[in-house]
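Hello,

Here is the structure I promised to pass on. Please have a look, then read my notes below.

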Amino acid sequence: MPVGEGESDADKPGARPAREVPSLVRDDGSFCSLAQLLTRLALGRVVAEEVRAELEAQYDRFCQLTGRPPSLVNGHHHVRSEEHTSES
């Protein structure tokens, strides 16, 4: 099931409430654009625990909707940016 294939997740809400992942979302609760996220990463304003929480919530939601785990989890090319996340 190619969830989100070929489209951006910016301007969409995350799987976690925005108040739980504020370093990943805009003021309106939608995901940051890639440019906004990269800027936040460069400034050390992305919290690693929020990234983990959102990824786990998306994974769990997929399993809930399909009744099985995904056959592939593709981190795409932005996953390398994790080294710039804050552990706080």
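Predicted model: local features only at pLDDT ≥ 70, side-chain atom pairs only at ≥ 80, totals over all residues.

Arg45 sits in the loop that links helix H1 (34-42) to H2. Arg45 has a relative accessibility of 56%, so it counts as exposed. Leaving out residues up to four places away in sequence, Arg45 touches Ser23 and Arg40. Arg45 and Ser23 are 22 residues apart along the chain, yet their C-alpha atoms are separated by 6.3 Å.

Val47 belongs to that loop between H1 and H2 as well. Its relative accessibility is 15%, and the cut-off for buried is under 20%, so Val47 counts as buried. Val47 and Pro22 are 25 residues apart in sequence, with 8.7 Å between their C-alpha atoms.

Next, the overall picture. The protein chain has 2 helices and 0 strands. Of its 88 residues, 24% are buried. Take the contacts in the chain with a separation of 6 or more: residues 24 or more positions apart account for 45% of them.

Now Arg40, one of the two contacts of Arg45. Arg40 lies in helix H1. Arg40 is partly exposed, at a relative accessible area of 22%. Its contacts, beyond four places in sequence, are Pro22, Ser23, Leu24, Val25, Arg26, Cys32, Arg45 and Val46. Arg40 and Leu24 are 16 residues apart in sequence and 8.6 Å apart from C-alpha to C-alpha.

Which residues form the largest nonpolar core? There are 6: Val21, Leu24, Val25, Phe31, Leu41 and Val46. In soluble globular proteins, nonpolar side chains tend to be buried together. Val25, a member of this core, touches Ala18, Ser30, Phe31, Cys32 and Arg40, again not counting residues up to four places away.

Ser30, from that contact list, is in the segment before H1. Is Ser30 buried or exposed? At 6% relative accessibility, Ser30 is buried. The side chain of Ser30 makes a polar contact with the side chain of Asp28, at 2.6 Å.

On to helix H2, residues 48-66. H2 has 19 residues, so at 1.5 Å a residue it should span 27 Å. The C-alpha atoms at its ends are 27 Å apart, which agrees. The buried residues of H2 are Ala48, Glu50, Ala53, Glu54, Ala57 and Phe62. After H2 comes Gly67, with a positive phi near 80 degrees.

Glu50 lies in H2 and is buried, yet has no salt bridge. The nearest side chain of opposite charge is Arg40, 7.2 Å away. What does the side chain of Glu50 make a polar contact with? The partner is the side chain of Ser23, at 2.5 Å. Beyond four places in sequence, Glu50 touches Glu20, Val21, Pro22, Ser23 and Leu24. Val21 and Leu24 also belong to the largest nonpolar core. Ser23 is also a contact of Arg45 and of Arg40.

Last, the salt bridges. How many are there? The count comes to 2.

One joins Arg16 and Glu20, with the closest N and O atoms 2.2 Å apart. Arg16 is at 32% relative accessibility, so it counts as partly exposed. Glu20 is partly exposed too, at 31%. Glu20 is also on the contact list of Glu50.

The other joins the side chains of Arg52 and Glu49, at 3.2 Å from N to O. Arg52 and Glu49 are 3 residues apart in H2, so about one helical turn separates them. An α-helix has 3.6 residues a turn, so residues three or four places apart point the same way. Arg52 is partly exposed, with a relative accessible area of 33%. Glu49 is partly exposed at 43%.

Best wishes

Note on methods:
Residues numbered from 1 in each chain as written. Heavy atoms only, no water. Salt bridge = Lys/Arg side-chain N within 4 Å of Asp/Glu carboxyl O. Buried < 20%, exposed > 50% of the residue type's maximum accessible area, 1.4 Å probe, protein only. Helix = DSSP H or I, 4+ residues; strand = E, 2+ residues; numbered from the N terminus. Core = buried A, V, L, I, M, F, W, Y, C linked by side-chain atoms within 4.5 Å. Contact = heavy atoms within 4.5 Å. Expected span 1.5 Å × (residues − 1). Lys, Arg positive; Asp, Glu negative; His and termini not counted. Polar contact = N/O pair within 3.5 Å; in protein donor to acceptor, adjacent residues only side chain to side chain.
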